[in-house]
Every structure is written in C-alpha cells, then in structure tokens.
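Dear colleague,

A short account of what was found follows.

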Amino acid sequence: MKRRLAAVMAADIVGFSRMMASDEAVTLSALRRLRSDHFQPAVTAHGGRVVKLMGDGALVEFNSVVEAFAAARDIQTTASRRPHVGDTPIALRIGINLGDVIVSGRDIYGDGVNVAARLEALAEPDGICISGAVHDSLTGKTDARFEDLGPQELKNIDRHVPVFRWRADGVPAVHRSTGLGKPSIVVLAFDNMSGDADQEFFSDGISEDLITALSHFSELFVIARNTAFSFKGQAVSVGALCAELGVRYLLEGSVRKAGNKVRVTAQLIDGETETHIWAGRFDRDLTDIFAVQDEITQAIVGAVLPETMTAETRRVQAKRDTDLSAWEMDLRARHHAGRIDREGWVAAREYADRAVALDPTVSGPLVTRAMAELDAMLHQWRPDAKEAIAEAVALAKRAIALDPGDAQARSALGKAVLFGRGFNEGLSHLQEAVRLNPNLANAHGVLAAYHGVSNEYDLARACCNKAMALSPRDPGRAFWLGGQGIGAYLSGDYEGCISCNDRVLRDFPGYASALRQKTAALAMLDRMDEAQAMLARLSEKMPGQTVSEVRHIVPIRYPDDHEHWLDGLRRAGMPEG
C-alpha cells in the first residue's frame with residue numbers, strides 16, 4: 001500500500017433526492033452545470049484532483065491545505081449564481097481534513113478520507129467544516145473566520161477531532177454543541193420493496209425528509225444524507241454501522257406500493273443494544289405523492305423524537321450525577337419539569353443551572369429554566385408572577401443569543417412574552433419557531449394558547465390537534481389542551497371546555513389551569529355543586545387563590561373576554577381578593 005499526507009475535501013448536495021423527485025431532468029441538468037461551471041473550475045484553479053464523483057457527492061484531493069480551503073470557499077461563495085431546481089438553488093456542504101490516506105490507483109481511502117466525510121456531515125448548507133489540523137495549517141494564511149465547535153467524538157476514529165465551521169456570510173454561526181452525550185441518529189435510505197424503480201424517488205424522498213425534519217430539533221445530532229445514503233442497498237450490522245458512524249440510534253424502513261396504495265414501515269433501533277425502541281406502519285392512498293410523503297414524514301417524526309427522548313431519559317436516570325454531561329443534566333431537568341409539581345420545579349432549576357455551569361455555550365438548559373419558571377408562575381409555586389415572566393423572557397433571550405436557530409428557544413420566548421401580554425410580539429416569535437422547525441410540537445401547542453386567549457376557538461383547536469399529533473405523550477400537552485379549553489370557554493362552549501380539561505386532569509390531576517377552567521365552566525352551566533367541588537380541589541393545590549391573582553396570571557387578550565372568564569370563577573365562589 002502507498003500512503004501519503006493529503007488535504008481531502010468531501011462535498012455533498014443538500015436535498016438532492018427531493019429535487020430529483022420534483023424534476024429529474026432539470027435536476028440532472030443543474031447538477032452538470034454546477035460541476036462544469038462552479039465546482040470543477042474552482043478545484044482546477046487551486047490544483048485539486050477530483051478522486052471520484054458519487055451521485056450528488058464528490059471526493060477531492062489537494063497537496064495544500066491552503067488551496068483546499070480556497071477552492072472550497074470559492075465554491076461556496078458562488079451560491080447566488082448556482083443553477084436552481086424550481087425555486088430552490090443547489091446548496092452544498094463541504095468538509096476538509098488533513099490526514100494520512102491510502103492510495104489505490106486513482107482512489108484514496110483511510111482515516112484522512114473518513115474524517116473529511118464526517119466533517120461534511122457537520123457542515124451547514126453553503127458552509128464548510130474543517131478539522132483542527134486544517135485550522136492550524138491555515139493560521140496566518142487566510143482572513144476567513146471560523147466557529148470553534150470543540151472536540152467532536154467520532155467512534156470509528158480513535159480520538160476526538162477538533163472541528164471548526166465556516167459560513168459564506170463571513171459571520172461564525174453561534175456555537176451549537178453536538179455535546180458528547182447528546183443523542184445522535186442516522187436515517188438510512190428506506191428500502192423500495194415495490195419492484196418499481198420509479199418508486200425509488202419516493203422512498204429516498206421520505207428518508208431525506210426525515211433527515212431534514214429531525215435535523216431541525218436541537219435535541220438531536222443527525223448524520224448528513226450523503227453519509228447515511230452511502231450504505232444504501234448494503235446488508236449491514238446495526239451495531240457495527242452505529243459504531244462506525246459514532247451514533248446511538250438508527251432509523252430504517254421500507255416502502256411498498258400496490259396499485260394506488262402505499263405502505264411505509266419504520267423502525268427505531270438502539271445501536272448499542274441492537275434492540276427495537278419503536279416500530280410503526282403507515283398505510284395511505286397515493287393520491288398526491290408529495291402530500292402523502294409529508295404526512296408520513298410528520299407521523300414518523302412525531303413518534304421518533306419522543307421515543308428517542310424517552311430512551312435517553314431512561315439511560316440518563318441510571319447514571320450518577322457526577323458522570324453527567326451538560327446535555328444529560330438538561331435532560332434530567334426536563335424530566336423533573338415534566339412532573340409538574342413544586343418538587344419537580346425545584347429539581348429542574350437545579351439541574352438546568354448545573355448544565356449551564358458545565359457548558360455555558362448551549363441554549364437548551366436556559367430554555368428548560370424559562371419553561372419551568374412559567375409553570376411555577378401558573379401554579380403559584382412562586383407568587384411573583386411579573387418577576388417570573390420577566391425571568392423567563394430573559395432566559396429565553398439568552399438562549400436565542402447563543403443559538404438563533406433554536407426553535408425551542410424561540411417558542412419559549414413566544415410563550416413568555418404572551419404571558420407578559422405582548423400578544424403581537426408573542427405571535428411573531430411563535431411563527432418564527434414554526435418556520436425554524438415546522439414539526440416542533442410545543443410551538444404549535446403554544447399557538448393554541450395564543451388563539452385560545454384571543455377568543456379564536458377554531459384556530460386554537462386546530463393548533464392543539466397539530467401539537468398532539470406531533471407529540472401525543474408530551475408533558476406540554478396539558479398546556480396545549482388548556483389553550484384549546486380557554487378558547488372553548490370564551491366562545492361559550494362550556495361543555496367543550498370541560499371535556500378538554502377532563503383530558504388534562506386524567507393525566508395531570510393537579511394541573512392548575514385545568515382546575516380553574518373546569519371550575520369556571522361548571523359555574524357558567526349552573527352546575528354549582530360540581531363547580532364548588534372543583535374549586536375545593538383547586539384550593540387544596542393553591543390555597544387562598546383569588547380572582548385578582550388569576551387576573552394577573554392568565555393573559556386573556558380582550559377586556560370583555562377577560563371579565564367573562566373571571567365571572568365564571570366568581571360564580572363558583574372564588575374570593576375577589
């Protein structure tokens with residue numbers, strides 16, 4: 001074997017399968033123009049050699065690290081001039097490593113190549129990720145600015161690899177740590193079981209949509225499509241593959257079409273134990289292929305994320321506090337916050353604060369704290385409503401400053417601002433959260449509350465249903481259903497309000513909002529014995545609560561609606577205060 005030191009570039013096109021499914025001829029034409037007009041000229045100008053083209057990816061070798069990065073930057077700064085597929089411009093991810101390679105004919109293999117491929121998976125669209133060795137070699141030789149992602153663990157590499165990220169706009173992205181304890185997942189290309197090559201685009205499209213959708217969640221580190229699809233059609237051992245990629249979870253599945261019907265199956269597997277965590281089957285009429293693809297993707301994401309978080313929580317619960325990473329501390333904080341009691345709130349604060357102390361650059365624990373303070377305000381575990389809301393707003397803003405792309409942080413800010421009576425601003429933050437992550441259940445659930453307190457019952461119900469479909473076992477569902485419930489109450493549908501809050505109280509018997517709403521709705525129906533019994537339950541949880549206190553806690557948007565809401569509590573016998 002021949003070996004040599006080389007600068008290795010790995011490149012991949014973002015969203016290629018979706019483009020092919022949309023318009024194969026246009027996509028292939030755009031790919032050829034990209035290679036001939038942008039990619040190859042930059043490689044040639046900087047002395048690079050294209051080792052091989054892999055569908056929508058490429059492997060390139062350079063003798064100089066400086067030239068490799070210069071070529072990559074030239075390629076990525078052509079984004080505005082690249083060919084489009086429909087309205088979508090072609091975007092690339094690029095990774096560069098300096099390392100030892102094995103030469104076989106025109107091909108190269110080995111550690112240097114493997115690390116470059118992993119770096120490409122970490123890059124943003126139109127961005128570049130480089131290894132620490134490349135960064136060291138570029139010192140003093142480029143004006144480029146890099147974001148330090150810190151040492152990253154790649155389990156098929158016998159060391160932690162320092163990683164730096166570059167963006168085309170010249171502004172380093174705010175640090176989003178993958179965290180050495182954070183759950184990682186690979187989505188393999190779903191198998192096309194239809195015996196029809198034309199259905200390959202559909203099966204690939206579902207896999208790619210799942211990669212994209214899961215990548216929007218800050219809780220997960222998702223292997224990029226090019227790496228995941230390199231195993232397509234291969235018989236692989238789940239454990240070995242997960243060990244090679246350094247991931248804990250694997251999602252695989254199949255697509256079978258018969259006539260105008262399609263069946264999609266999916267399985268989530270723990271790569272360390274090779275046990276199945278979840279499996280699902282989805283049968284649909286294949287009328288609008290893209291609508292069906294989106295519907296199935298949403299259904300799978302709605303199952304995979306909660307199941308992954310549940311598995312992670314079980315894993316973390318078995319560890320000693322002294323062994324926990326910042327991510328794992330935050331996961332414990334979320335678990336305690338989900339108990340929705342005073343002791344859980346205290347524990348959630350403690351673990352979230354410890355997570356921030358361990359890694360002050362991550363946004364997650366700040367989001368957890370913000371949401372916990374709002375729960376404390378709602379249940380009067382802390383009586384200073386205005387201060388609790390202000391603290392939640394400040395925590396959420398700190399989280400967004402650390403990671404502007406964190407949809408959970410934006411959703412938390414929207415919720416906090418909404419409680420502070422900033423209705424228009426709150427709506428804007430919630431809409432931005434949905435834009436950042438269309439499958440974020442909490443954003444849709446808090447939108448249900450926004451529409452509920454705005455006396456927009458139909459919209460509140462639709463948003464709550466969307467949130468529940470995305471995460472049916474989420475602890476946040478008590479709040480989401482409360483949004484629908486207050487919307488029902490304000491619209492005069494008191495039975496609907498009671499029904500909604502009965503669903504909450506079955507799982508969360510001490511949930512303050514549900515107790516208040518059911519009390520008021522029963523009173524408005526003149527079911528006074530039941531209303532007073534419910535008020536007694538509320539008083540056990542929140543002794544001495546008054547109408548005046550509720551006025552400050554629950555942000556009903558319009559004055560007449562606010563008095564309508566409080567009137568139900570007055571009728572039930574709640575003191576004015």
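**Findings**

I185 stands opposite V222 in strand β13; strands here are DSSP runs (E, at least two residues) and helices are runs of H or I of at least four residues, numbered from the N terminus. This is a predicted model, in which local features need pLDDT of at least 70 and side-chain atom pairs pLDDT 80 or more, while totals for chains, interfaces and linings use all residues. Residues are numbered from 1 along each chain as its sequence is written, and side-chain values use heavy atoms, without hydrogens and water.

Strand β11 (residues 184-187) is covered on both faces, with S184 and V186 buried on one side and I185 and V187 on the other (buried: under 20% relative accessible area, 1.4 Å probe, protein chains only). Strand β11 runs parallel to β13, joined by two bridges, and parallel to β14, joined by three (strands pair if DSSP finds at least two bridges). In β14, Y249 is opposite I185.

There are eight aromatic pairs (ring centres of Phe, Tyr or Trp, the last by its six-membered ring, within 6.5 Å; planes under 30 degrees apart are stacked, over 60 edge-to-face, the rest tilted). One of them, F69 with W166, is edge-to-face, at 6.1 Å centre to centre and 90° between the planes. Because F69 lies in helix α3 and W166 in strand β10, this pair ties together parts 97 residues apart in sequence. Both residues, F69 and W166, are buried. F69, F146 and W166 form one aromatic cluster.

Yours sincerely

Conventions
Buried means under 20% relative accessible area, exposed over 50%, partly exposed in between (1.4 Å probe, protein chains only).
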